[in-house]
Amino acid sequence: MFKKLNIIEDKNKLIRKKSVDIELPISEEDKKFALEMLEYVKESQKAEIQEKYNVRAGVGLSAIQLGVNKKIVAIYFEDEDKTHEYLIANPIVTSFSVKPSFLSTGEACLSVPKDIDGYVYRHNKITVKFYDILKDEERTEKLDGYLSIVFQHELDHLDGILYYDRIDKKNPFKEVKGAVEI
């Protein structure tokens with residue numbers, strides 16, 4: 001059964017707060033909360049859920065978007081190759097490419113009710129170290145393309161940064177030479 005979560009909007013000052021690491025091993029309370037986040041992301045992608053509960057589809061959700069100041073992130077989406085499912089805690093980007101990438105359609109956010117147009121340039125490739133809540137282990141993973149962008153968007157939330165903070169205010173559709181368009 002779908003549980004609608006109370007996602008805070010960008011006008012709420014809490015969204016700008018830096019999140020803190022969770023204690024490991026993960027508590028049952030944090031694990032239950034994290035699993036609810038992941039389930040919400042998965043279910044939000046179904047048209048019937050969007051219509052019935054008046055929710056927007058999302059591919060990622062950070063705990064701070066629910067008013068919880070902890071470094072927990074849920075990511076879920078399917079592409080032509082595979083299903084990408086992550087439920088992580090305490091992520092750290094350990095390396096990144098100099099080459100930027102961006103979504104040609106721009107980014108959006110469940111905490112930003114009115115989309116803000118413009119290109120958000122991010123690293124095309126990143127390496128992230130994190131605690132995998134689903135597998136109950138520390139992991140390091142190399143990510144690129146869309147998955148890398150989704151991770152960086154969610155990890156920005158942990159630092160109180162919203163996607164539109166990264167849009168050039170004077171020239172929102174400024175083209176960066178050599179950037180990978182996704």
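1. The model is a predicted one, in which local features need pLDDT of at least 70 and side-chain atom pairs count only at pLDDT 80 or more, whereas totals for chains, interfaces and linings use all residues. Residues are numbered from 1 along each chain as its sequence is written, and side-chain values use heavy atoms, with hydrogens and water left out.

2. The partner of Asp165 is Arg16: their side chains form a salt bridge with an N to O distance of 2.4 Å. This pair connects distant parts of the chain, since Arg16 belongs to the segment before α1 (28-44) and Asp165 to the loop between α3 (145-158) and β8 (180-181), 149 residues apart. Helices (H or I, at least four residues) and strands (E, at least two) are taken as DSSP runs and numbered from the N terminus. Arg16, at a relative accessible area of 36%, is partly exposed. A salt bridge here requires a side-chain nitrogen of Lys or Arg within 4 Å of a carboxyl oxygen of Asp or Glu. The whole structure contains 15 salt bridges.

3. Another salt bridge, at 2.7 Å from N to O, brings together the side chains of Lys42 and Glu85. Lys42 is in helix α1 and Glu85 in strand β3 (residues 83-96), so this bridge ties together parts 43 residues apart in sequence. Lys42 is partly exposed, at 26% relative accessible area, and Glu85 is likewise partly exposed, at 33%.

4. The side chains of Arg166 and Asp156 themselves meet at 2.6 Å, N to O. Arg166 sits in the loop between α3 and β8 and Asp156 in helix α3, so the bridge ties together parts 10 residues apart in sequence.

5. Arg139 lies in strand β7 (residues 137-144) and counts as buried, with 18% relative accessibility. Its side chain makes polar contacts with the side chains of Asp132, at 2.4 Å, and Glu141, at 2.3 Å. A polar contact is a pair of N or O atoms within 3.5 Å; within protein, one must be able to donate a hydrogen and the other to accept it, and residues adjacent in sequence count only if both atoms are side-chain atoms. Setting aside neighbours within four places in sequence, Arg139 contacts Val128, Lys129, Phe130 and Asp132, where contact means heavy atoms within 4.5 Å.

6. The largest nonpolar core has 24 residues, and Met37, Tyr40, Leu61, Leu66, Ile72 and Ile133 touch the most other members. At least two residues of this core come from each of α1, β2 (72-78) and β3, and the largest share, 6 residues, is from α1. Apart from this core lies another, of 14 residues, including Phe77, Tyr86, Phe130 and Leu143. A nonpolar core is a set of buried Ala, Val, Leu, Ile, Met, Phe, Trp, Tyr and Cys residues joined through side-chain atoms within 4.5 Å. Not counting residues up to four places away in sequence, Tyr40 touches Phe2, Lys3, Lys4, Leu5, Ile7, Val55, Leu61 and Leu110.

7. Three strands form an open sheet of mixed pairing, in the order β5-β4-β8. β5 (122-123) and β8 are the edge strands, each pairing on one side only. Strands count as paired if DSSP finds at least two bridges between them; β4 and β8 run parallel and are joined by 2 bridges. Phe102 stands opposite Glu181 in β8.

8. Ser101 is part of strand β4 (residues 100-102) and, at 0% relative accessibility, counts as buried. The side chains of Ser101 and Asn124 are joined by a polar contact of 3.5 Å. Beyond residues up to four places away in sequence, Ser101 touches Val120, Tyr121, Arg122, His123, Asn124, Ile149, Val180 and Ile182.

Technical notes:
Buried means under 20% relative accessible area, exposed over 50%, partly exposed in between (1.4 Å probe, protein chains only).
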